[in-house]
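Morning, everyone. Let me put the structure up on the screen, then walk through it.

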Amino acid sequence: MAEDKILCGDDVITRDTPEYRELIAMMQNTVKVADKLVKEVRPCLLNERYLTGKQVMDLFHISRRALQNYRDKGIIPFVSVGGTIVYPESKINEVLEKSYYNLR
C-alpha cells in the first residue's frame with residue numbers, strides 16, 4: 001500500500017491505531033462467519049434443500065446403521081446422486097410431523 005495513513009477529520013489512522021486493529025478484527029470475524037455458512041448451509045436445488053446423512057443422524061439422534069435401516073424400510077425418503085445419498089428436507093420434516101405424538 002503506497003499510503004500507510006488514512007485521514008479521518010483531524011485524526012490520522014495508521015496500522016497501529018485501535019480503530020485500524022478493530023476494523024481488521026471485524027473483517028477477520030466476518031470471514032470466519034462466511035466460511036462457517038459456506039460449510040453448513042446447503043444451497044437449494046429446484047426449490048428443495050437437501051440434508052446430508054450426518055445432518056439427518058443429528059436431527060433424529062440415530063446411528064449410521066439406524067439411518068440405513070430407515071432407508072431400507074422406506075421410513076426416510078432419500079435421493080442418490082452419483083453414489084451420494086441426500087435427504088429432501090421437506091420430506092424429512094413430514095416424517096417428523098407424522099411421528100409426532102401430542103401427549104395432552
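Ground rules. This is a predicted model, so local features need pLDDT of at least 70 and side-chain atom pairs count only at pLDDT 80 or more, while totals for chains, interfaces and linings use all residues. Residues are numbered from 1 along each chain as its sequence is written, and side-chain values use heavy atoms, with hydrogens and water left out.

The sheet. It is open, has three strands in the order E3-E5-E4, and pairs antiparallel. Strands here are DSSP E runs of at least two residues, helices are H or I runs of at least four, and both are numbered from the N terminus. Pairing needs at least two DSSP bridges between two strands. E3 (50-51) and E4 (79-81) are the edge strands, each with a single partner, so one side of each has no neighbour in the sheet. E4 and E5 (residues 84-88) pair over three bridges. Val 81 sits opposite Thr 84 in E5.

Now, what lies across E3 and E5? Helix H4, residues 89-98, running at about 60 degrees to E5. Axes are lines fitted to C-alpha atoms, for helices over the stretch in contact, and angles run from 0 to 180 degrees between N-to-C directions. Contact means heavy atoms within 4.5 Å.

The core. The largest nonpolar core has eleven residues, among them Leu 51, Phe 60, Tyr 87 and Val 95. Such a core is a set of buried Ala, Val, Leu, Ile, Met, Phe, Trp, Tyr and Cys residues joined through side-chain atoms within 4.5 Å. Buried means under 20% relative accessible area, exposed over 50%, partly exposed in between, with a 1.4 Å probe and protein chains only. H2 (53-60), H3 (64-72) and H4 each supply at least two residues of this core. H2 gives the most, with three. Leaving aside neighbours within four places in sequence, Val 95 contacts Phe 60, Ile 75 and Pro 77.

Salt bridges. There are two. The criterion is a Lys or Arg side-chain nitrogen within 4 Å of an Asp or Glu carboxyl oxygen. Glu 89 meets Arg 49 at 3.6 Å, N to O. Glu 89 is in H4 and Arg 49 in the loop between H1 (18-40) and E3, so the pair ties together parts 40 residues apart in sequence. Glu 89 is partly exposed at 23%, and Arg 49 is partly exposed at 30%.

The other bridge joins Lys 54 and Asp 58, with the closest N and O atoms 3.1 Å apart. Both lie in H2, four residues apart, about one turn of the helix. Lys 54 counts as exposed at 53%, and Asp 58 as partly exposed at 44%.
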